[in-house]
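Good morning, and thank you for coming. I would like to take you through one structure, element by element.

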Amino acid sequence: MNAQAGTPAPATTHTSDRAAASGALIEMADVALTYGSGPTAVVAVHGATCQVPAGARLAITGPSGSGKSTLLHLMAGLERATAGRVSWPALGEDPLGRPGLVGVVFQGPSLIPTLDVVENVALPLVLAGTAARVAHELAMDALDTLEIDDLASKLPDELSGGQAQRVAIARAMATRPVLILADEPTGQLDRATGAHVIDVLLGAADLLGAAVVISTHDPAVSDRLSSRWRIRDGVLSTTDLSTSRNDLGESR
Amino acid sequence: MTVTWLRGLLRRRRGALIATASGIAVAVALLASLGAFLAASKATMTARAASGVVVDWQVQAATGADPTAVLDATRHADGVTAALPVQFATTDGFTATTGGTQQSTGAGVVLGLPADYRTVFPGEIRTLSGSPDGVLVAQQTASNLHVAPGDKVTVARAGLPPITVTIAGVVDLPYADSLFQKVGAPPQSQPAAPPDNVMLMPATTFASTMAPLAATRPDLLTTQVHVAHTHELPPDPAEAYIAVTAAAHNLEATLAGSGLVGDNLAASLDGARKDSLYSQVLFLFLGLPGAILAGILTAAIAGAGAVRRRREQALLRTRGMSVRQVVRLAAVEALLVGVVGGLVGLGVAAAIGLFAFGSSGFGASTTSALSWTIGAFVVGLLIAVIAVLIPTVRDFRESTVTGARARVRRERAPRWMRFGLDIILLAGAAVMFAITSQAGYSLVLAPEGVATISVSYWAFLGPALLWIGVALLAWRIAYLILGRGRPLVARAIRPLTGNLASTAAAGLSRQRTIVARAVVLVALAVSFAASTATFNATYKTQAEVDARLTNGADIAVTQSPGTNVGPDAATAIASVPGVVSVEPLQHRFAYVGADLQDLYGVRPATIAAATSLQDAYFQGGTAAELIGRLAAKPDSILVSDETVKDFQLAPGDLIRLRLQDGQTKKFITVPFHYAGIAKEFPTAPHDSFFIANADYIAKATGSYAVGAFLVDTGGQNTAAVATALRDKLGAAARVTDIGSTRSAIGSSLTSVDLAGLTRVELGFALVLAAAAGGLVLALGLAERRRTFAIASVLGATGRQLRGLVLSEAVIVVVGGIIAGVVSGWLLSQMLVTVLTGVFDPPPEKLSVPWPYLATTVLVAALAIGAAALMAAQRSRRPAVEVLRGL
């Protein structure tokens, strides 16, 4: 099954050419990822084919253990597919090779505990080669944008869960990425805080003009996004649920 | 629940458990090995001290007592295996006519020995020539009388006509000092030297020749019972001494005044128990720090997982587990690592014992074996409790669940740092150093003849305070540099981290407690290795110096007393293959006032080349300067410190010595001028002696007679050359080589053979240095896998990750090694000062075993480097489970 988030496309055998032409950020062709081998092997993702275009607002939904995180890790280049091909036509190469183009927000606390908030936010910039002083200024800008500049000198363990996630978003946007991948960013937050974090995340993406892919099992989150794919037992369904639901509603 | 938890630990935390158990194993193995060394060396000392005694007791019958009753009572005393009567008669002198001349001696002693004496007490009498049976004369007597086997000697008898006997053989009496002791007199009242003129007779001959003196001069006759006592003694020399002394006292009580016991066995053990105490002290000084270090290391290894354990335990509590239940789980973990580590440690110690000491047992006797095994094992368990259980209990007392979940807390200077504990400890160490450096200070007090012996355990405070003080100071410095010197650290690590330098410095600063701890651990390990190796090397050097000082040179050829051999005899000695050079050394006796002292005549130009003269032997100038004074002014003389004090001498003062004239044999006065102090001199006794110019003495006395020839073999084949010299010179001279001297003085002060201990300690020090560096850093970095995974996800390249890890490693290596070397040097100085009684003579300077120290530093650096690179490699692509945790 082939699909392009946000703009449903018919199946084609020349997905890469088309993706490049259309400026697709991520392209997956029959991608699988299996952990282990033999009888104990676990197939986390199986036969996933899809494209994520620039500016997409995509939710990947599914129950726990369905393969959402693995799919996001594959998209971020953090894990390697055991079959099929993952490419980033608009980025040119593996995102890990060009830090800053893809921002990742994780479910749990992902700030470096020995660095304060502004150092955490500046870290990807510094890793990408930005001078420390400039990186610090850009990080402060990001914190200012998200209205959390008062947290700049705090250590991660001094933050609440919601504050930590907002800092993680600030870190993801500090490098002005073209794509933000968020793995259940509200998974450990209460509903109100979660809603605020999603507001911040989408606001930041709008500001940057970046595509956003969020994995979630929370309908309240997925409903905030224009496209929704579903994954179950490692099998990705790229039929846009938002469109299907609309179709279903209209046919009724 | 406990089983499930244990199973989980074994499955998920296997590495950390193995590391903790390994730390415990090292501590247990080190303690058990050193215990084995201590017990074995004590037993060796006892055995050696006992085997050096031939006649264990000399029971002298009191005047008027019945010698048969004394013999009978002695034979029935506990521990006595054989007892034989020996009769002593004093004679006015011996006379012999040989080669047309008559020679007479002064007063002498005639002994009457039972037929089986030489069988029961082998070694007491050594035949030099002639028959072992019949009438024998001592070598010096034979020399004085110019007699040989077959010649006749007349023995004067007070109040009776002299009798004439035929000499059957010439003998040497190696234990003459104890044989002719004044039984029952304290050591200071013993005769300075055994009698010059001695004749030994079979008991039957004695009965017919000397026994009749009983009728005229019974005061000239005494009877002793010579006793062989069992040598199955307690392994500890101190206990053996007490046992033997008590048995002797018991016999004296039984004899009820009819006999006194001259306890040669106890006298020998008396010296050994002092050595035994020193070996105990050495164990405490050199061994314990290693075991403590292994314990600290274990605590650090366990502490590397403290954050994770705190979080896990906080989770268990939030899930409803009581504090007691969580503590019980920690106790189970402590027990597991304690028992496994303890058992492995004992196994390793047994293997080490087999390799280093030739025995896998943990002590000389079953009791000590058991106590060392149990003791070391219990220490292992204690370390486990301190490292694993106590932190858990402390966490519960001092923190909340929320606090426990935190990964990094705001750094706050520890309380000891705020109170300046390190400075206080160092000041204490300085005070102790000053006290122990004072003249007259003695670490081990074992007064001769007194059962009570003591160690000044206060002396341990000096090195202990220094060790801890320097470690804490290193901690403070590392903590301050990482905290306040962040820009400095950033600049230092920039070559490794590039533009990440400030970020890396900030991270290091917030973990400065962990980094400072790693620095201190490396410093402690390096310091332990450096101080132990330096001390042992210095000890070895001094043992060699001692042997050389006692023997004089590679080989010493000592002329028999009374012989008159000139310097020309050196030619004969030099002709033996293997001899590089020969230096004649005059040996005379000189009276200063009423004191008789040894006088050594040296050739100033060549003496330094023949033997090793250390500056430490002299006072008031270097060895070269003082010997030079003897050359510049031939009537110069070097005297002992004691003589300077006794006679209130000032440089240039005139000293008149009375020396025997070579021709007239009468004492003449020879003037000398005091030129300096000699504390030690090759072949000279410890107490008091003179060193003067040989030519000046020869001219003044008209005799060039040489006392000894110092033979230099270039250190090659000394034993073989010595044998060749013995063959060439026969009984005329005594030939001793440095090898046999080394083993002979092995039973005196330097008896503790450190070779085994050194091998074990240096091995452990290397392991500890590697573990302190590598393991602690590796576990610390493993705990931060998550941090590296995040950095990797954020785009850190392999080079950047490597830079982050290596910057920490470099700080640990550089800081640890600098602090370790400084601390090791200070500790070595302190150890050598505090343990100065072990050295005889005291060392001139420390002997630093550079190759070993370089190896230690290299091993520590390599271990740290390897750990850092492996951590960096693993972080390059984060593990799935780490990513899942984000």
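**Two chains and how they pack**

In chain A, buried residues make up 53% of the 252 residues. A residue is called buried if 20 or more other C-beta atoms lie within 10 Å of its own, exposed if 12 or fewer, and partly exposed in between, with C-beta atoms placed from the backbone. This is a predicted model, in which local features need pLDDT of at least 70 and side-chain atom pairs count only at pLDDT 80 or more, while totals for chains, interfaces and linings use all residues. Residues are numbered from 1 along each chain as its sequence is written, and chains are lettered from A and ligands numbered from 1 in the order in which they are written.

Chain A has eight helices and nine strands. Helices (H or I, at least four residues) and strands (E, at least two) are DSSP runs, numbered from the N terminus. Of the contacts in chain A with a separation of 6 or more, 70% are accounted for by residues 24 or more positions apart. Two residues are in contact if their C-beta atoms, placed from the backbone, lie within 7 Å.

Chain B can be described in the same terms. Its secondary structure consists of 32 helices and 24 strands. Of its 886 residues, 50% are buried. Residues 24 or more positions apart account for 83% of the contacts in chain B with a separation of 6 or more.

Let us turn to the interior. In soluble globular proteins, nonpolar side chains tend to be buried together. A nonpolar core here is a set of buried Ala, Val, Leu, Ile, Met, Phe, Trp, Tyr and Cys residues joined through C-beta atoms within 7 Å. Which residues touch the most other members of the largest nonpolar core? They are V522(B), A525(B), L768(B) and A860(B), in a core of 231 residues. Helix α20 (residues 512-551) of chain B gives this core its largest share, 21 residues. L768(B), leaving aside its neighbours within four places in sequence, is in contact with V26(B), G290(B), L293(B), A294(B), L297(B), A525(B) and F528(B). There is also a second, separate core of 65 residues, and V86(B), A89(B), F121(B) and M199(B) are among them.

Next, the helix pairs. Two packed helices are described by the angle between their axes and the distance between the axes. The axes are lines fitted to C-alpha atoms, for helices over the stretch in contact, and angles run from 0 to 180 degrees between N-to-C directions.

Helix α18 (residues 486-497) of chain B packs against helix α30 (residues 798-834) of chain B at an angle of about 135 degrees, with the axes 9 Å apart. That angle makes α18(B) oblique to α30(B). Angles under 35 degrees count as roughly parallel, over 145 as roughly antiparallel, 65 to 115 as roughly perpendicular and the rest as oblique. On the α18(B) side, the contact is made by I493(B), L496(B) and T497(B), and on the α30(B) side by G803(B), L804(B), L806(B), S807(B) and V810(B). By class, this contact has five nonpolar, three polar and no charged residues. Ala, Val, Leu, Ile, Met, Phe, Trp, Tyr, Cys and Pro count as nonpolar, Asp, Glu, Lys and Arg as charged, and the others, Gly among them, as polar.

Helix α16 (residues 421-437) of chain B also meets α30(B): their axes come within 9 Å and cross at roughly 35 degrees. Here F433(B), T436(B) and S437(B) of α16(B) meet M830(B), T833(B) and V834(B) of α30(B). The contact of α16(B) with α30(B) has three nonpolar, three polar and no charged residues.

For helix α2 (residues 14-51) and helix α10 (residues 264-304) of chain B, the axes come within 9 Å and cross at roughly 175 degrees. α2(B) and α10(B) are therefore roughly antiparallel to each other. Their contact divides into 20 nonpolar, 13 polar and two charged residues.

Finally, some loop residues. Most residues other than glycine have a negative phi, and most peptide bonds are trans. D233(A), although not a glycine, has a positive phi of about 50 degrees. D233(A) lies in the loop between β8 (227-232) and β9 (235-237) of chain A. Is D233(A) buried or partly exposed? D233(A) is partly exposed, because 13 other C-beta atoms lie within 10 Å.
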